[in-house]
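Please look over the model below before reading my notes.

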Amino acid sequence: MALKLITAGEWHGPGLTCIVEGIPAGLELDREAVDADMARRQLGHGRGGRMKIERDAADVTGGVRHGRTLGGPIALQVTNRDFANWEERMNPWPVEADVPEVHLPRPGHADLVGVWKYRQTAVRNIPKRASARETAARVARGGVANAFRRPWGVGVPSHAPPLGPLQAP
């Protein structure tokens with residue numbers, strides 16, 4: 001079976017989910033290794049205060065028992081700890097509050113393309129799916145993929161090539 005990866009959710013919603021399918025049964029998952037990948041993701045320099053309030057962790061909600069994969073799809077959930085501040089605007093269910101729609105796409109973001117792709121009129125439905133925060137789900141599934149490659153000693157080396165006079169050591 002081929003490895004299949006899918007994410008769902010909007011970051012300012014309750015959280016993000018990712019599904020990893022195609023991992024064989026019996027593979028050992030290390031919670032600390034996945035959490036280390038999640039923490040490494042947050043070492044960058046964000047423009048806002050989100051990096052200060054979020055401490056991402058991937059909670060396994062299916063496909064793993066006692067640290068070993070079961071052979072079926074693996075479900076991981078990354079909870080949005082800031083959802084309380086977005087609950088009226090991003091709740092999956094109807095709310096009593098009057099939440100005005102946003103119709104003006106922001107320059108330099110995925111708003112306009114997303115509105116066209118998903119045939120939406122409300123711009124607020126788009127940027128939360130295209131948010132940099134959405135990468136948390138991708139890093140969580142990468143932690144599972146790392147567990148799959150480690151037993152065979154497969155690495156993922158990388159480097160930055162020179163860019164004009166700039167060169168990484």
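1. Basis. This is a predicted model: local features need pLDDT of at least 70, side-chain atom pairs count only at pLDDT 80 or more, and totals for chains, interfaces and linings use all residues. Residues are numbered from 1 along each chain as its sequence is written, and side-chain values use heavy atoms, without hydrogens and water.

2. Core. The largest nonpolar core has 18 residues. Such a core is a set of buried Ala, Val, Leu, Ile, Met, Phe, Trp, Tyr and Cys residues joined through side-chain atoms within 4.5 Å. Buried means under 20% relative accessible area, exposed over 50%, partly exposed in between (1.4 Å probe, protein chains only). L76, V78 and V144 have the most contacts inside this core.

3. Suppliers. β2 (15-21), α1 (31-41), β6 (74-79) and α5 (135-149) each give the core at least two residues. The largest share, five residues, comes from α5. Helices (H or I, at least four residues) and strands (E, at least two) are DSSP runs, numbered from the N terminus.

4. Aromatic pair. F148 and W152 pair edge-to-face, 5.5 Å centre to centre with 65 degrees between the planes. The rule for Phe, Tyr and Trp (its six-membered ring) is centres within 6.5 Å; planes under 30 degrees apart are stacked, over 60 edge-to-face, the rest tilted. F148 is partly exposed at 29%, and W152 is exposed at 59%.

5. Positive phi. H66 has a phi near 55 degrees and sits in the loop between β4 (64-65) and β5 (68-69). R119 also has a phi near 55 degrees, in the loop between α4 (111-118) and α5.
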